[in-house]
Amino acid sequence: MKSKRENDNLVEDEEVLASEPKRRKVLEEESSPSPPPLPIANPLAGLANYDDDEEEEDERQKQRPEQNGDRKEGGRQLAEQNGEGGDQEDDYDDEDQDDQGYGQGKRSRDVERRRDCPYLDTVNRQVLDFDFEKFCSVSLSNLNVYACLVCGKYYQGRGKKSHAYTHSLEAGHHVYINLQTEQVYCLPDGYEIDDSSLDDIRHVLSPRFTKELVEQLDKNKQWSRALDGSDYLPGMVGLNNIKETDFVNVIIQSLMRVTPLRNFFLIPQNYKHSKSLLVHRFGELTRKIWHTRNFKGQVSPHEFLQAVMKSSKKRFRIGAQSDPVEFMSWLLNTLHSDLKTKKNRSIIYDCFQGELEVVKEIHNKALTEKKENGDDLNAVSKLSDGGTEYEAVVAETSRMPFLMLGLDLPPPPLFKDVMEKNIIPQVPLFNILKKFDGETVTEVVRPRIARMRYRVTRLPRYLILHMRRFTKNNFFVEKNPTLVNFPVKNLELKDYIPLPTPKENEKLRSKYDLIANIVHDGKPDEGFYRVFVQRKSEELWYEMQDLHVSETLPQMVALSEAYMQIYEQHQ
């Protein structure tokens with residue numbers, strides 16, 4: 001019997017004998033001439049010329065950026081030819097190209113729509129405020145901006161590298177609304193939320209009015225309730241005074257009482273042809289003021305003020321007090337120029353435009369000098385009027401349209417009375433309206449000394465009167481404290497100024513009711529403005545000063561220092 005060691009030696013000998021033919025076969029293959037190596041099958045073929053390939057790879061790397069640059073440049077040129085924005089960042093807007101209309105050449109993405117979003121209960125309506133500019137709070141861009149419905153902040157885009165996507169991961173806020181398309185998405189999942197419970201947010205973002213609803217506004221006596229439980233009247237909401245912008249607020253509140261102007265701007269279809277930012281911002285502000293489902297009982301005119309600053313080239317701006325009369329004149333003329341048709345008509349002219357006949361008498365200095373020198377007496381005799389001394393005065397008659405009438409107040413007393421107090425004078429409105437009777441002479445200094453006579457030849461539907469309270473010179477501004485006594489209802493103009501005879505089958509409409517009265521309180525440089533407005537549904541008067549809105553008596557309206565008034569014509 002063999003031992004264990006002998007058995008192990010026997011196994012090793014058998015393995016050596018079995019491997020001998022294989023070794024012999026390998027030696028024969030090495031001694032025979034080898035065929036040329038295949039470049040792909042043989043892995044050693046790539047190692048033989050490694051240095052050369054590295055140099056070729058370097059050359060390719062040098063050429064690749066140039067080719068990529070050419071490709072990008074060509075793509076950018078092609079995008080510009082197609083009218084697309086070639087320099088927009090895909091991370092922020094490629095997810096919504098179809099919604100925004102930016103990338104028409106890109107393929108459309110099918111976004112999943114779901115009704116069962118588990119994060120709808122995280123929406124916080126208390127923090128939502130859509131009155132401010134639609135800019136991303138991180139990038140300050142106004143392209144493709146979303147509002148987080150959990151914290152109320154604005155972020156750009158919803159792609160995987162966008163600020164809204166990052167915010168959803170960091171803060172755990174998942175529900176976002178596109179501020180332009182009003183579509184709601186869940187991030188970071190990316191699906192669209194289709195739920196009718198979010199419609200109230202869409203209505204606050206962009207209030208909607210139908211023609212039937214607009215016609216019923218002046219008949220609505222119902223109050224609305226804000227989210228904080230406070231009650232407010234649609235159309236009578238307060239406006240934020242951002243910083244010395246009370247002169248804008250009183251003009252906005254006054255124009256909101258002009259029914260045809262308000263109805264025109266409540267329906268965006270009426271001015272969709274206009275490209276003016278000011279027109280669309282004014283329309284948005286009008287809809288927010290009259291909206292019955294606001295989340296809060298006040299409105300901020302921030303976006304409208306930004307449009308005013310841009311359109312007026314910072315003539316009217318936040319932080320600088322201005323004159324409401326100047327702002328009203330600029331605003332009406334700018335809105336008209338942005339809305340006018342080929343016939344030079346607009347809703348502004350339909351409401352406010354009247355016509356004056358102006359007789360201008362100019363003292364002709366040139367003729368007077370010639371008369372004194374005895375030269376060219378024929379020229380003087382041509383202008384003579386019955387041999388009187390009128391030959392040196394030239395009278396020019398013209399027709400002039402107007403949007404508001406300026407009334408001159410009598411000068412205040414210079415000295416104090418025996419009680420060492422200044423007597424505040426009072427004047428009836430009818431006395432200062434005599435300026436437009438066609439006979440009263442008004443002397444002007446600029447652009448040259450002249451005597452003017454005015455007569456109203458056509459009354460507007462809404463009459464704007466402006467009391468000239470402030471006189472400015474190179475040193476200071478002086479305010480005239482004279483009180484004007486005026487009727488709140490049934491101002492009959494034909495009893496005080498001559499009016500043109502109406503055409504056949506037409507009725508002379510010369511009776512007016514007051515609908516807005518702007519008042520200035522305080523010193524000329526430090527004062528503030530407030531306004532009294534009428535609510536037509538109840539014929540009640542309200543005093544409005546920025547966010548402060550309170551009911552008042554009609555008798556209190558006439559006891560203030562009126563600065564500008566709007567009257568509505570009886571129909």
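User: How many bridges join strand 23 to strand 24, and in which sense do they run?

Analyst: Strands here are DSSP runs of E, at least two residues long, numbered from the N terminus. Two strands pair if DSSP finds at least two bridges between them. In this predicted model, strand 23 and strand 24 (residues 540–545) run antiparallel, joined by five bridges.

User: Which sense applies to strand 22 and strand 23?

Analyst: Antiparallel. Strand 22 (residues 511–521) pairs with strand 23 over six bridges. Ala516 stands opposite Val533 of strand 23. This pair is a hairpin too, with six residues between the strands. Its turn holds Gly522, with a positive phi of about 95 degrees.

User: Is strand 23 mostly covered or uncovered?

Analyst: Buried means under 20% relative accessible area, exposed over 50%, and partly exposed in between (1.4 Å probe, protein chains only). Strand 23 spans residues 528–535, and seven of its eight residues are buried. Across the protein chain, buried residues make up 42% of the 571 residues.

User: What should I know about the numbering and the model?

Analyst: Residues are numbered from 1 along each chain as its sequence is written. The model is predicted: local features need pLDDT of at least 70, side-chain atom pairs count only at pLDDT 80 or more, and totals for chains, interfaces and linings use all residues, while side-chain values use heavy atoms, leaving out hydrogens and water.

How values were computed:
Helix = DSSP H or I, 4+ residues; strand = E, 2+ residues; numbered from the N terminus.
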